[in-house]
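I opened a new page for this protein.

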Amino acid sequence: MTANYWTDVSWQTLEQKPLEIYVFVDPICPECWALEPVMKKLMMEYGPYIRIKHVLSGKLENLNFLTKKRQLALAQNWDKIASRSGMSCDGSLWLNNPIDSPFLASIAIKAAELQGKRAGSRFLRKIQEVLFIEKQDVSDFKVLKNCAQYTGLDVDEFVQDIHSASATKAFQCDVKIASEMDVEETPTLVFFNENIEDEGIKISGVYPYDVYEQIVEEMLMNKPEKQELPTIDEFIERFQLVATLEVAVVYNLSISEAEKELKKRMFQQKIECINAKHGTFWRSLPSS
């Protein structure tokens, strides 16, 4: 594990929460997708104490002019990461329907954020779902519009913003922040507390939940009271689409225990099962 410290936080705003986490992500990075269960659990248990800010990062130029050899390497890497992490992604996308312009996906996320940080977070998650589960090209403008509509954005405003200087400048600002903090890989999390004199802690990669929990407690300088978790039904209703692994991590269940709980709800016609290459997802169904 690589962890180090960042001290220049003079430009930060913490907005009345004692801990802020800068989450540096690349929307097409499978390791960032693998971090989703941990981030959900952090928000479920420590929501009153933490504020999460997504910052876009990634070396987009590496995906320009892909050779067949590079496509094959990306496909193999995606499948390897999915097998290891348990958060499914299908590497065959790079062989059959490679992403044309990852830059556009990043600009689209910043355009969504112009309608609010929560809107931006929902849109980012939807992009990850259609990319890693459905193997859609998230640089396709029609796919991006569909994601905007699905997540409840004002689509006309989104289309206008995606072509605006504001979204491009917002993305450039993210890239600048990543450079200033020496973020060289995704995902990277940087933890700050409300005392600007204290150092921030930076950790790159994906680790078990207790690693992040320990950092939260260290930064808060006490052991905060955890929030009571919602029921599994409430959890699924909130996020609409969840992986078996996400339920397992959040509720401290084994994969088989999580599947058993989820199949109960499937038989009750509360959710439907979506099989993926390296795992299973569950989508909330409208109540009759």
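Entry 1, contacts. I started with Phe191 in this predicted model. Leaving out residues up to four places away in sequence, I found that Phe191 touches Leu19, Glu20, Ile21, Gly200, Ile201, Ile203, Tyr212, Ile215, Val216 and Met219.

I looked up the largest nonpolar core, which has 64 residues. Phe191 is among the members that touch the most others, along with Leu42, Phe123, Phe158 and Leu189. Where does this core lie relative to domain 1 and domain 2? Both domain 1 (19–181) and domain 2 (232–284) give residues to the core, so it lies between them. I also noted a second, separate core of 13 residues. Phe235, Ile236, Val247 and Ile271 are included there.

I checked the length of α6, residues 117–132. At 1.5 Å a residue, its 16 residues should span 22 Å. The end C-alpha atoms are 22 Å apart, which agrees. Next I looked at burial. In α6, 12 of the 16 residues are buried, so the helix is largely enclosed by the rest of the structure. Among the buried ones are Phe123, Leu124, Ile127 and Leu131. Arg125, Lys126 and Glu129 are buried too.

For Cys147, the nearest cysteine sulfur belongs to Cys89, 17 Å away. Cys147 is buried, with a relative accessible area of 2%. For Cys273, the nearest cysteine sulfur is again that of Cys89, at 18 Å. Cys273 counts as partly exposed, at 30% relative accessibility.

How values were computed
Residues numbered from 1 in each chain as written. Predicted model: local features only at pLDDT ≥ 70, side-chain atom pairs only at ≥ 80, totals over all residues. Heavy atoms only, no water. Helix = DSSP H or I, 4+ residues; strand = E, 2+ residues; numbered from the N terminus. Expected span 1.5 Å × (residues − 1). Buried < 20%, exposed > 50% of the residue type's maximum accessible area, 1.4 Å probe, protein only. Disulfide = S-S within 2.5 Å. Core = buried A, V, L, I, M, F, W, Y, C linked by side-chain atoms within 4.5 Å. Domains from an automatic or database assignment. Contact = heavy atoms within 4.5 Å.
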